[in-house]
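Hi everyone, thanks for making time this morning. Let's look at the structure together, and then I'll talk you through it.

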Amino acid sequence: MAVAWSEKASSMEALSLSPPMSPPVILTQDELKKIAAYKAVEFVESGMVLGLGTGSTAKHAVDRIGELLRQGKLTNIIGIPTSKKTQEQAISLGIPLSDLDSHPTIDMAIDGADEVDPHLNLVKGRGGSLLREKMVEGACKKFVCIVDESKLVKYLGGSGLAMPVEVVPFCWKFTAKKLQNLFRDSGCVAKLRNDCKGEPFVTDNGNYIVDLYLKKDIGDLQVASDAILRIAGVVEHGMFLAMATTVIVAGELGITIKNK
Ligand SMILES: O=C(CO)[C@H](O)[C@H](O)COP(=O)(O)O
């Protein structure tokens with residue numbers, strides 16, 4: 001379902017979009033992210049337990065939820081954050097928080113993605129929060145994924161950018177080599193992710209991330225997922241297969257909502 005900007009302008013209070021018939025507006029990637037995020041928040045209802053995603057797109061959704069709570073337009077929301085960063089953001093906005101131990105079933109999660117394939121499979125975790133995201137989003141009745149159109153790919157790994165895998169620090173080189181060998185037919189190169197100081201990037205769970213760079217389609221994703229998870233040093237990978245129930249894509253021509 002594609003919706004033209006002019007029809008949707010009323011729901012985009014924070015963005016000054018042009019009225020119908022005016023020249024086309026060129027939106028930045030961040031504005032597109034914000035539009036997808038705001039659209040997703042339209043599906044939030046008072047009383048919901050909400051999974052709060054991580055990343056620059058999800059941040060807009062969390063901001064919006066905080067804003068609606070402050071305005072009294074949403075009430076009784078409980079947020080389950082997917083990272084320490086989102087937890088801090090939600091606390092700063094006054095969003096009441098809980099966790100999966102207390103709320104094992106979540107009504108809806110809103111989160112971004114790095115890649116979305118035509119079957120709504122996702123790559124996530126370039127922000128490093130894939131494990132908590134997978135735990136929270138796996139416990140959701142609805143998982144609404146929000147992206148700008150640059151995230152659409154023909155197959156997972158197809159952007160040529162990282163496919164993240166969270167690994168234990170113990171002998172990470174051994175694990176990285178196993179991962180690289182697993183996908184050698186796809187020209188895989190496995191690299192440890194570093195932080196801005198050149199030190200290994202450490203996740204909220206105290207683990208490392210090995211990023212897989214693929215030159216070709218890895219084929220059956222479920223087979224690939226099972227094979228990755230069989231490697232003993234692997235904690236979790238960033239392929240989210242058949243988990244998104246809805247993907248909201250914001251592009252230059254409007255919003256597209258894809259349902260599973
Ligand atoms: O998976 C994620 C973090 O672990 C993010 O959702 C993903 O990296 C997309 O990020 P952004 O919204 O900043 O483009």
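Let's begin with contacts, meaning pairs of residues whose C-beta atoms, placed from the backbone, lie within 7 Å. Of the contacts in the protein chain with a separation of 6 or more, 74% are between residues 24 or more positions apart. Please keep in mind that this is a predicted model, where local features need pLDDT of at least 70 and side-chain atom pairs count only at pLDDT 80 or more, while totals for chains, interfaces and linings use all residues. Residues are numbered from 1 along each chain as its sequence is written.

Next, burial. A residue is buried if 20 or more other C-beta atoms, placed from the backbone, lie within 10 Å of its own, and 43% of the 260 residues in the protein chain are buried.

What does the largest nonpolar core look like in terms of residues? A nonpolar core is a set of buried Ala, Val, Leu, Ile, Met, Phe, Trp, Tyr and Cys residues joined through C-beta atoms within 7 Å. The largest one here has 62 residues, and Ala36, Leu50, Cys145 and Ile146 have the most contacts inside it. Helix α2 (residues 29-41) gives the largest share of this core, seven residues; helices here are DSSP runs of H or I, at least four residues, numbered from the N terminus. Cysteine 145 touches Asp111, Ala113, Val116, Leu122, Ala244, Thr246 and Val247, leaving aside residues up to four places away in sequence.

Finally, the ligand. Around the ligand there are 18 residues, with Gly55, Ser56, Thr57, Gly112 and Gly127 coming nearest; a residue counts as near if its C-beta atom, placed from the backbone, lies within 6 Å. Helix α3 gives the largest share of that shell, three residues.

Terms used: A residue is buried if 20 or more other C-beta atoms lie within 10 Å of its own, exposed if 12 or fewer, and partly exposed in between; C-beta atoms are placed from the backbone. Helices (H or I, at least four residues) and strands (E, at least two) are DSSP runs, numbered from the N terminus. Two residues are in contact if their C-beta atoms, placed from the backbone, lie within 7 Å.
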